[in-house]
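Here is a quick tour of a structure that may be new to you. Have a look at it first, and then we'll walk through a few of its features.

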Amino acid sequence: MLSSIHLLQPHLLSLLRIVSSLVLFSYGTQKILHFPAAASVPPMGSLSWIAGLIELILGFLVLVGFQTRIAAFVLSGLMAFAYFIGHAGKSFYPAQNGGVAAILFCFVFLYLVAAGAGPLSVDGLMKRNHATA
């Protein structure tokens, strides 16, 4: 059974990349495109708005799996900054300071820096095409 689960690892990596980047991308669409509608959106040019722009653009790149390692590296750093700037000062404990998502995103994207995009990605397609050429 473990050997059959092991065969799923590359596809589960792609699934982790797709789901986590889709969630982060949705934060960017809310801040920049105002979809889905939010009670408040950051003013254009603010730090939160710039973070939303990065979430939108790089979140999409990671979602489709293009230049994943570079985009994930920047997103991991963005989420670390988000945690320390927006959450850590409120409390030491992430469950109390609202920073759980930022920490999880930070380390998921850091993992993607090391692991890559997986087979279901533009990067994977380009790698396969390069290998056959």
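Let's start with H34, which sits in the loop between α1 and α2; helices here are DSSP runs of H or I with at least four residues, numbered from the N terminus. This is a predicted model, where local features need pLDDT of at least 70, side-chain atom pairs count only at pLDDT 80 or more, and totals for chains, interfaces and linings use all residues. Residues are numbered from 1 along each chain as its sequence is written, and side-chain values use heavy atoms, with hydrogens and water left out.

H34 has a phi near 60°, a positive value in a residue other than glycine. The loop between α1 and α2 also holds P36, and the peptide bond from F35 to P36 is cis, with omega near -5°.

Next comes helix α2, residues 47-64: its 18 residues reach 26 Å from first C-alpha to last, close to the 26 Å expected at 1.5 Å a residue (the expected span being 1.5 Å times one less than the number of residues). Among its buried residues are W49, L56 and L63, where buried means under 20% relative accessible area, exposed over 50%, and partly exposed in between, with a 1.4 Å probe and protein chains only. The buried residues of α2 pack against α1, α3 (68-86) and α5 (100-115). Just after α2, G65 takes a positive phi of about 80°. Q67, in the loop between α2 and α3, has a positive phi too, near 50°.

Now for the aromatics. Rings of Phe, Tyr and Trp (its six-membered ring) pair if their centres lie within 6.5 Å; planes under 30 degrees apart count as stacked, over 60 as edge-to-face and the rest as tilted. By this rule there are 5 aromatic pairs. In one of them, the ring centres of F25 and F60 are 6.1 Å apart and the planes are at 45°, so the pair is tilted. F25 lies in helix α1 and F60 in helix α2, so the pair ties together parts that are 35 residues apart in sequence. For Y83 and F84, the centres are 5.3 Å apart and the planes at 85°, so that pair is edge-to-face. Y27, F105 and F109 form one aromatic cluster.

| Residue | Relative accessible area | Class |
|---|---|---|
| Y27 | 36% | partly exposed |
| H34 | 44% | partly exposed |
| F60 | 40% | partly exposed |
| Q67 | 37% | partly exposed |
| Y83 | 10% | buried |
| F84 | 60% | exposed |

Definitions and conventions:
Helix = DSSP H or I, 4+ residues; strand = E, 2+ residues; numbered from the N terminus. Contact = heavy atoms within 4.5 Å.
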